[in-house]
Amino acid sequence: MTERIQAPRGTFDVLPDDAAARAVVEREARRILEAAGYGRIETPSFEATELFARGVGEATDIVQKEMYSFDDGGGRSLTLRPEGTAPVCRAYVEHGMHKLPQPVRLWYLSSFFRHERAQAGRYRQFWQVGAEAIGSDDPAVDAEVILLLAELLDALTVRGLRLRLSSLGSPGVRAEYREELRAYLRQHADRLSSEARGRIDLNPLRAFDATDPATREVMAGAPLLLDRLSGDDAEHFAQVRELLDRADIAYDVDPTLVRGLDYYTRTVFEFESAALGAQSGVGGGGRYDGLVEALGGPPAPGTGWAAGVERILLAAGAPPTAPPPVDLYVAYVGDEQRAEAFALTGAARRAGLRAQLELAGRLRGRADG
Ligand code: AMP
């Protein structure tokens, strides 16, 4: 027998029942985000590799080992998009959106690609719904994007949610802090996991994500970036918190929150769900005040988030799977009625009815008997 070809590891098929649940995610995202002034954007599935190297950061796991990059045949390196913020910022620059009233508010629902270790809730092609507000550094914009994600997750009945919130300050302070943390980690290197030890130079903040108990013990005594914020950054963060308080959004300030992308400045946040296993992050984001400029655009601060569609569905209550209702069901007896049944179904559809034609051949045999 010929060997069966299967879908690549870490990918999945979206079957009709799954598609119905996903359509609800899209419908609710459109309803909530478009009402708040966000317009839909879709960028290409692949981009110049340089966009992610510069945008996401050379030192990140994504750029170091998770990108599907390929030569386009003309000596140019392209990459299947691993995330949506850098492409949206690229489009903002490319289409001169800085000339529009700011902030420019955009949302997307697209698939993304990361060469990760595949497991439940972690795939190599996955879908994200995301929102970006570019062109304002107002803390109200941070609070608003968080509010919108909270509203979306609530509308989709995602269970067991917890919001973690922190601030990464500005790049200068972060660079100084990184040195301080490196020195601390070197001092305790003998107690760190080999993974954390290996990252001291490239990405020391990731040690806060460690699951290894000894590393966690070391990190419990580590200096915190949140204690090093400049006056302006601390004030910005205080205003974000105040606005969230006013909107009755519960959150935990978590100074150990580290996001896997380098472009973040100031506010960072992540929604986790207790209904998920090890991969508990449902959606997260933050502010990226230097990203547009790093991509060759004008100075334009921005903030946004992305949430995983598969994780939303895993953490949600029962997904809606009812088939769409039918107004008219056309069956025919004998092949001589087939043309008439076809015509009738077509006419019914043109008249606005949801018409389905019997195709399983269940009645056809009877006329012959
Ligand atoms: P990130 O861009 O890494 O901040 O991811 C944002 C959200 O996308 C996460 O909270 C997850 O819900 C989802 N996500 C990220 N990576 C994956 C993956 N490999 N498989 C499924 N969902 C993912």
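Which residue ranges does the domain assignment give for domain 1 and domain 2 of the chain? Domain 1 covers 16-169 + 229-315, and domain 2 covers 324-369. As you look over the structure, keep in mind that this is a predicted model. Below is a friendly tour of its domains, sheets and cavities.

**Domains**
- Domain 1 is assigned in two segments, 16-169 and 229-315, while domain 2 is given as 324-369.
- Between the C-alpha centres of domain 1 and domain 2 there is a distance of 47 Å.

- Strands of a sheet pair through backbone hydrogen bonds, and they can do so in parallel or antiparallel fashion.
- Here, eight strands make up an open sheet with mixed pairing, and their order is β1-β5-β6-β11-β10-β9-β7-β8.
- The edges are held by β1 (39-40) and β8 (252-253); each has a single partner strand, so one side of each has no neighbour in the sheet.
- Inside this order, β9 (residues 265-273) and β10 (residues 281-287) run antiparallel and are joined by six bridges.
- Helix α4 (residues 85-94) lies across β5 (104-113) and β6 (125-134), and its direction makes an angle of about 45 degrees with β6.

**The three-stranded sheet**
- Another open sheet has three strands in the order β2-β4-β3, and its pairing is antiparallel.
- At its edges stand β2 (46-48) and β3 (69-71), each with a single partner strand, so one side of each is left without a neighbour in the sheet.
- From one strand to the next, the twist averages 35 degrees.
- Three bridges connect β2 with β4 (residues 77-80), and these two strands run antiparallel.
- A48 is found opposite L78 in β4.

**Cavities**
- Searching the whole structure turns up three cavities of 30 Å³ or more.
- The largest cavity has a volume of about 130 Å³.
- Eleven residues line the largest cavity, and N203, V258, R259, L261 and D262 are the closest to its centre.
- By type, the lining of the largest cavity splits into four nonpolar, two polar and five charged residues.
- The second largest cavity holds about 50 Å³ of space.
- Its lining consists of S166, S167, L168, L205, F208, L225, L226, P255, L257 and V258.
- Eight residues in the lining of the second largest cavity are nonpolar and two are polar, with no charged ones.

Definitions and conventions. Residues are numbered from 1 along each chain as its sequence is written. This is a predicted model: local features need pLDDT of at least 70, side-chain atom pairs count only at pLDDT 80 or more; totals for chains, interfaces and linings use all residues. Side-chain values use heavy atoms; hydrogens and water are left out. On a 1 Å grid over the protein atoms alone, a cavity is a set of points where a 1.4 Å probe fits but cannot get out, and a pocket is an open set with protein on both sides within 12 Å along at least five of seven lines; lining residues have an atom within 4 Å of a point. Grid points are joined across faces, edges and corners, and a volume is the space filled by probe spheres set on the points. Ala, Val, Leu, Ile, Met, Phe, Trp, Tyr, Cys and Pro count as nonpolar, Asp, Glu, Lys and Arg as charged, and the others, Gly among them, as polar. Domain bounds come from an automatic or database domain assignment. Two strands pair if DSSP finds at least two bridges between them. Helices (H or I, at least four residues) and strands (E, at least two) are DSSP runs, numbered from the N terminus. Contact means heavy atoms within 4.5 Å. Axes are lines fitted to C-alpha atoms, for helices over the stretch in contact, and angles run from 0 to 180 degrees between N-to-C directions.
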